[in-house]
Amino acid sequence: MIKIVIPGRPISKSNFKLHNVHGQAWMPSKGKHSKYLAYENMVAGHINRQYQGEAIEENLITILKLYFPDKRIGDLHNYPKSICDGIEKSGIIKNDKQLKPVLLFDFIDKENPRVEIELYPISEYDIKYDVFKKGC
């Protein structure tokens with residue numbers, strides 16, 4: 001199991017996409033919209049400092065725990081893309097398609113906003129999924 005902690009408020013990819021006249025999305029490398037690329041690079045840098053092992057070629061059960069400083073979260077489903085792109089950019093995996101399944105959780109931590117990434121090699125770990133009605 002690999003656990004990585006990325007300090008700071010998570011950044012959503014959808015907030016920084018621009019569209020050209022043909023409707024195609026692109027990510028600018030300069031200006032106010034370049035924060036996404038900086039965040040992706042920051043994620044990759046923290047991973048490279050915290051993980052010293054070999055590149056992983058198999059699929060990974062991925063748990064993302066997002067800790068926000070307040071309740072202004074936005075669309076939670078837009079955050080994994082920026083994090084998964086940073087994981088891929090770090091070089092510890094070849095393609096973010098290896099990150100499956102992905103479990104996403106959100107929390108509030110005013111003092112310490114962060115992202116916690118847990119990666120479990122599919123050859124060593126399995127996942128059990130259980131939904132149950134409260135009070136039963």
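**Walking through the model**

Modeller: Gladly! Starting at the N terminus, the elements of the protein chain follow the order β-β-β-α-β-α-β-β, which comes to 2 helices and 6 strands. This is a predicted model, where local features need pLDDT of at least 70 and side-chain atom pairs count only at pLDDT 80 or more, while totals for chains, interfaces and linings use all residues. Residues are numbered from 1 along each chain as its sequence is written, and side-chain values use heavy atoms, leaving out hydrogens and water.

Colleague: What makes a stretch a helix or a strand here?

Modeller: Both are DSSP runs numbered from the N terminus: a helix is H or I over at least four residues, a strand is E over at least two. Helix H2 covers residues 79-90 and has 12 residues.

Colleague: Why is Ser 12 called buried?

Modeller: Buried means under 20% relative accessible area, with exposed over 50% and partly exposed in between (1.4 Å probe, protein chains only). Ser 12 has 3% relative accessibility, so it counts as buried. This serine sits in the loop between strand E1 (2-7) and strand E2 (18-19).

Colleague: And what makes Ser 90 buried?

Modeller: Its relative accessibility is 9%, so Ser 90 counts as buried too. Ser 90 is in helix H2.

Colleague: Which residues does Ser 90 touch?

Modeller: Contact means heavy atoms within 4.5 Å. Leaving aside residues up to four places away in sequence, Ser 90 touches Ala 44, Ile 47 and Asn 48. With that exclusion, Ser 12 touches Tyr 36, Asn 78, Tyr 79 and Ser 82.

Colleague: Why is H2 described as largely enclosed?

Modeller: Because 9 of its 12 residues are buried, H2 is largely enclosed by the rest of the structure. Among them are Tyr 79, Ser 82, Ile 87 and Ser 90. Their cover includes helix H1 (35-50), strand E4 (60-68), strand E5 (99-108) and strand E6 (114-121).

Colleague: How much of the protein chain is buried?

Modeller: Buried residues make up 38% of its 136 residues.

Note on methods
Expected span 1.5 Å × (residues − 1).
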